[in-house]
Amino acid sequence: MPGKAPWKMAVGATAIALLAAGCGGGGSDDASSTSNTVVIGIGEPQHLIPSNSTESNGSEVLSSLFYPLVDFDAQNKPVPVAAESITPNADNSVWTVKLKSGFTFSNGEPVTSDNYINAWNYGAYGPNAQEGAYFFEKIKGFGDLQSEDPDKDGPKKAPEPKAKTLTGLKKVDDTTFEITLDGPFSGWESVMGYTAFYPLPKAAWKSEGVLADGFEDAIIGNGPFKMKGKWEHDSQIVVEKNPSFKGTVPKVDGITWKIYQDQQAEYADLVAGNVDVQTTIPIESLSKASADLGDRFKKSPNSGFGFIGFPQYLPEYKDLRVRQAISMAINRQEIMDQIFLGSRTPATSFVSPVVAGYRENTCGDNCKYDPVKAKQLYTEANGPKELKITYNADGGHKAWIDATCNQIKATLGVNCVGVGEPKFSDMLTKAKAHENIGLIRLAWLMDYPLMENYLGPLYSTTGSSNYYGYSNPTFDNLVKAGVVAKTSEEAIAKWQAAEDILAKELPVAPIYTQQNVFGYSTKVNNVTVDLFQKVDLYKIEVVG
Amino acid sequence: MSDLNTVTAAEAPGGQPNVPHGPVKKDKPRSLAADAWSELRRRKIFWIAIVLVAFILVMSFWPSLFTSADPRACSLSNQYKGPSGSALFGYDFQGCDVYAKVVNGAFNSIRVGVFSTLVAGIIGLIFGMASGYFGGWVDAVLSRFIDIMLGVPFLLAGIVLSRRLSSDPASDGVFAVTLTLGLLSWTSGARVMRSAVISAKQQDYVAAARMLGAKPSRLILQHILPNSIASYIVLLTLLLGINIASEATLSFLGVGLKGDAISWGIMIAEGTQFARTQPWPLVWPAIFLGVTVLAFIMLGDAVRDAFDPKLR
């Protein structure tokens, strides 16, 4: 039968193809099947829309999918990347961005000024409730995009804002646009390096200002990688090389962002070679990490700053003495030595040492362990008999929170419990709803290397990450004054004055400043983790 | 009527001071329980189990007899210190006294074990009794339901149920775990009860009582229940041990007891994380858990052997 032979052959070929695919998919060590891709561990991102992503997991994934306007050099100075040039006017209040031409989104759409303007308008528009809306605050017309809810959490809906677009954004031509700020701000270029300032393609919109359904799960960016398939929630996000990308080309062909609920499991996978990079080795495994990983266990500076927030909406923490007492009851050095095994350092200020304007010991006595004074203040203020510290169980915080609680118990003679919320996002949702979750464990990684980034988002009344509801008009004004200052020296002076207010009022108890404590598998090389706790995706490469 | 109740009553010591020695006793008709007791008395394993169970019970209700240390007073300065006079088993990662924690953890294990077994016991009793006594379509429906319940994977259902029941992260989870274990562990007991009731129902004395006009309630409570409950109680003793182990399992997985509660399961979970650095905080609660479960299972085994003539 002449017709049969090709059919048979086809079956045979398919079988071989399937076999080969099975081999590669199983992640075997067979050199012929190892592709030029890496697996990097993360936690489940809250969101993947640039303007809605203010936590490290989401912004790390987005950094592979998008190409920022500016990046930072070794001295933390901004360098234009997707932008050809960024030029301010004389008083730093109007900035002209000229885009490099020839860049496209991974779906082939050219990147134009409109992509930036539309994305930013969406991010700033109040009813969209974007976590990163704060970043657009300085652009002219931001106020008109917001509206006040007349009865706060009540049933009445907020009225429609006056405008839908920022008056401060003006398209000059397809590759040039102008940003007019509310006032002068010399650090604006640095701010634009943040995730929220990525552009969105036309494909993102269902209609003007409305995101297309499911866009977040299959987001399209202008970066070196593009999504392969969809965001598999709680499992993984796979990205592959974007062939049409014109910028600096990474050395790897793809990245699998593997999502873990548990850092210990991630570490076990790292040792077993199932994950190639872990940016934070859990403290439970620190003592064994050198033995397990040898010189693949590394440390590098990062911008992390950990603290415990005192919710201002809970009456029991209204008294300053209570906050001081709790802060003084914590023996930070002991926790750093015994729990973090020296991988973190006690925080003595409200900003990280990596930014200009940092001063040591601004927190002063409030951050010094002083059990006698703590007990005395607490008794005087008649502090609460029961304390709880809510932390997210998916971030490796249990050990230090338990230790902190034990110190508070021992020093103040009150009960203290650590309550683990399964996910970080659950905890933030509860904090936002002003539920009584007690003290809140939080940390901050900077978005852009300015001192302001440690102040504005965390403590200003409308700050995006002000989960404890701190509000002080003087503070807000000082931060704003620093923002509009002509020179960076002047700005820093204002911000330092703002920091001094924090030291007096203690809305949070600073606990630690962080280092990257990361590890990688034998499969990869040239792994660096930057100040933002992100893996440098342009440097990492596969061995052999 | 060789009714268990009446015979036990006749044998009750109070009214008969002149029951002397051997020969008289031999002639007396002995009930199943009395028979079992005389069998049990001679078994070493029974006494070992009893001593262990008593020890654990005392420990869980009066931990102060064993230690005066506060299990929640932990200090990092004691991290991983070895055993000493003040802390018999040394200290764990957080600098807590392992011995004090183990001793105080017994209460939660026993509490969850006993109450979940009670819940399971009552549900199983009702189901087994109803399907065995009424038979017919009632039996068919209930038995199929039991089959369905038996088909549910225990651990999966336990995790799901326990999570749902204690969604508040601030609760200690005791109620949720007790209910979870109770709701999931009654099935085998119900089956045993059903077959015991079926065989008791067919006895002549039940038929006689029915002919004399006894109502179903009297039949069940006076005649069938007392004669079918023995094996059920034995099963519950075994179940108690199993439920204690299940509590530790759920706590280990992070869906059982939590927060401030001290539990062997939580201790084991925490100990595991640092086991490569310091194994003892893992080993001690594991030993106590093992011994407790073993004690209840040994007790159940011994009692079952004594009650079942075929195993003698």
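Helices (H or I, at least four residues) and strands (E, at least two) are DSSP runs, numbered from the N terminus. The views below use a predicted model, in which local features need pLDDT of at least 70, side-chain atom pairs count only at pLDDT 80 or more, and totals for chains, interfaces and linings use all residues. Residues are numbered from 1 along each chain as its sequence is written, while chains are lettered from A and ligands numbered from 1 in the order in which they are written.

View 1. An unreviewed UniProt entry gives the annotation "transmembrane region" to residues 45–62, 112–134, 141–161, 173–193, 224–245 and 282–303 of chain B. UniProt positions are given in the numbering used here, feature names are shortened, and annotations may be inferred rather than shown by experiment. Residues 112–134 of chain B are 100% helix and 0% strand, with 33 Å between the end C-alpha atoms. Residues 224–245 of chain B are also 100% helix and 0% strand, and here the end C-alpha atoms lie 32 Å apart.

**View 2. Helices α6 and α9 of chain B.** Two packed helices are described by the angle between their axes and the distance between the axes. For α6(B) (residues 136–151) and α9(B) (residues 187–201), the angle is about 150 degrees and the axes are 9 Å apart. Axes are lines fitted to C-alpha atoms, for helices over the stretch in contact, and angles run from 0 to 180 degrees between N-to-C directions. I146(B), M149(B) and L150(B) of α6(B) make the contact with T187(B), A190(B) and R191(B) of α9(B); two residues are in contact if their C-beta atoms, placed from the backbone, lie within 7 Å. This contact of α6(B) with α9(B) has four nonpolar, one polar and one charged residues (Ala, Val, Leu, Ile, Met, Phe, Trp, Tyr, Cys and Pro count as nonpolar, Asp, Glu, Lys and Arg as charged, and the others, Gly among them, as polar).

**View 3. Where chain B meets chain A.** On chain B, 15 residues are in contact with 17 residues of chain A. The chain B side has six nonpolar, six polar and three charged residues.

**View 4. Helix α2 of chain A.** Chain A has 14 helices and 21 strands. Helix α2(A), residues 56–65, is mostly covered, with ten of its ten residues buried. A residue is buried if 20 or more other C-beta atoms lie within 10 Å of its own, exposed if 12 or fewer, and partly exposed in between, with C-beta atoms placed from the backbone. The cover over the buried residues of α2(A) includes β1 (37–42), β10 (225–227), β11 (236–241) and β12 (254–259) of chain A. Of the 544 residues of chain A, 49% count as buried.

**View 5. S349(A) in its loop.** S349(A) lies between β15 (345–346) and α9 (371–381) of chain A. S349(A) counts as buried because it has 21 C-beta neighbours inside 10 Å. Leaving aside neighbours within four places in sequence, the contacts of S349(A) include Y358(A), C363(A) and P510(A). The C-alpha atoms of S349(A) and C363(A) are separated by 5.1 Å, although these residues are 14 apart along the chain.

**View 6. F532(A) in its loop.** F532(A) is in the loop between β20 (524–525) and β21 (541–542) of chain A. With 22 C-beta neighbours inside 10 Å, F532(A) counts as buried. Beyond neighbours within four places in sequence, F532(A) is in contact with S303(A), L445(A) and M446(A).
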